[in-house]
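Try each task before you read its solution.

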Amino acid sequence: MSESKAKSYRAETRLVHAGTLRSQFNEMSEAIFLTQGYKYDSAEDCEERFSGKIPGYVYSRYTNPTMSMFEQRMAALEGAEAARSTATGMAAVTTALMGLVRAGDHVVAAKALFGSCRWVIEEWLPRFGVTSTLVDGADIAQWKKATQKNTAVYFMETPTNPTLEVYDIQAVADIAHANGAKLVVDNVFATPLFQSPLTLGADVVVYSATKHIDGQGRVLGGCILGAEKLITDSYQQLLRQTGPSLSPFNAWVLLKGLETLSVRVTRQTETAGAVSEALAGHKKITRLIYPGRADHPQADIIKKQMTAGSTLVAFEVTGGKEGAFRFLNGLQLLGITNNLGDAKSLITHPTTTTHQRLTPEQRAELGIGDGLVRFSAGLEHPDDIIDDLLTALDRV
Ligand SMILES: *Cc1c(COP(=O)(O)O)cnc(C)c1O
């Protein structure tokens, strides 16, 4: 599908058709190009492809036709000029940050971050002379106040893991741009379907494709998206020379995952909404957070920048860690795991898993109590999911 044609189709259509490259066999389903290298017609052809004088593939650490198909489909979906795939979501986040900073720069990020992202900012970037300030992402004044002359990057994920807070992308983009800096948004929880950070002013969007994009708990992958010039100038060499490349096989799994993304995520969001309705006000639940509910603390921002509430619900059960463990161990259908966005409904206890590294004070600051659990809606019948949750809550 040509680029101009892709733009005229709606997201669901782009998810199925955009980016397809056909070989001489005209296969209907996209091919997996499991090849490291490419054969050249002549030494001259080889020289020119290496110098970039003529287009074409040279080595699969750089790119590969199956990777290209995944990247082009992601770009068409996101409305981005360019996309680059990576082996994991963390490879995407690390590259997205490292490509924009140098020694002496400063980063402002929201405190509420996926654990590994927070490690990269707090523990890894300082080794290269890049300092940071972590702020309460919901308080716009804090983003402004943390700004220094040398602030080069602002970074947030929204909705956040695990408390599903939502931050104002446009407001932070304005602060970043006023300082000549870039805003990077980790859009994993919203998915490309429910929130378009680039449209809201973000410069770079990153995904862990491991989550909803694969959607069936199989492979790891990631993606970085943005304007062509920024992607080429800031990331092309970094990716090519350091090599966090996506495997062509995983690129193919993710490409096929994209075909069903809308169907899955739409259904999972309906289920998450039904679960939040069924659990709200339950006597064993002290707090429930779902971005699709009117009682969400940032409901006004959600209305402005998201088109649906997403596939996750967070809630706190009574009785702290003991209560949470009784509840988790009482589940028959739902799987206890730290992943999300799978066809199977999953549940996580952040205090003892993804956020174990933080101190109790740091967790308290983020609103992560010992009784908090995060539910990721799968594709099972919603009534079976709700029955399982209610039965397990009886054991608390
Ligand atoms: C999972 C996740 C990541 C990391 O992705 P991997 O594919 O596991 O490396 C980063 N950010 C968010 C918000 C995530 O949920």
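**Exercise 1.** Which residue is the bridge partner of Thr 86 in E7?

Solution. Keep in mind that this is a predicted model. Start with the strands. E1 covers residues 82-86, and five bridges join E1 to E7. The two strands run antiparallel. Now find Thr 86: its partner in E7 is Gly 222.

**Exercise 2.** Find the strand E6, and state how E6 and E7 run.

Solution. E6 spans residues 204-208. Five bridges join E6 to E7, and the pair runs antiparallel. As one example, Val 204 stands opposite Gly 226 of E7.

**Exercise 3.** Explain why E7 is largely enclosed by the rest of the structure.

Solution. Take the two directions in turn. Gly 222, Ile 224 and Gly 226 point one way from E7. Cys 223 and Leu 225 point the other way. Buried means under 20% relative accessible area. Five of the five residues of E7 are buried, so the strand is largely enclosed.

**Exercise 4.** Decide whether Gln 298 is buried or exposed.

Solution. Locate Gln 298 in the loop between strand E8 (285-289) and helix H13 (299-305). Its relative accessible area is 10%. The limit for buried is under 20%. Therefore Gln 298 is buried. Gln 298 touches Ala 138, Glu 165 and Val 166, leaving out residues up to four places away in sequence.

Note on methods
Residues are numbered from 1 along each chain as its sequence is written. This is a predicted model: local features need pLDDT of at least 70, side-chain atom pairs count only at pLDDT 80 or more; totals for chains, interfaces and linings use all residues. Side-chain values use heavy atoms; hydrogens and water are left out. Helices (H or I, at least four residues) and strands (E, at least two) are DSSP runs, numbered from the N terminus. Buried means under 20% relative accessible area, exposed over 50%, partly exposed in between (1.4 Å probe, protein chains only). Contact means heavy atoms within 4.5 Å. Two strands pair if DSSP finds at least two bridges between them.
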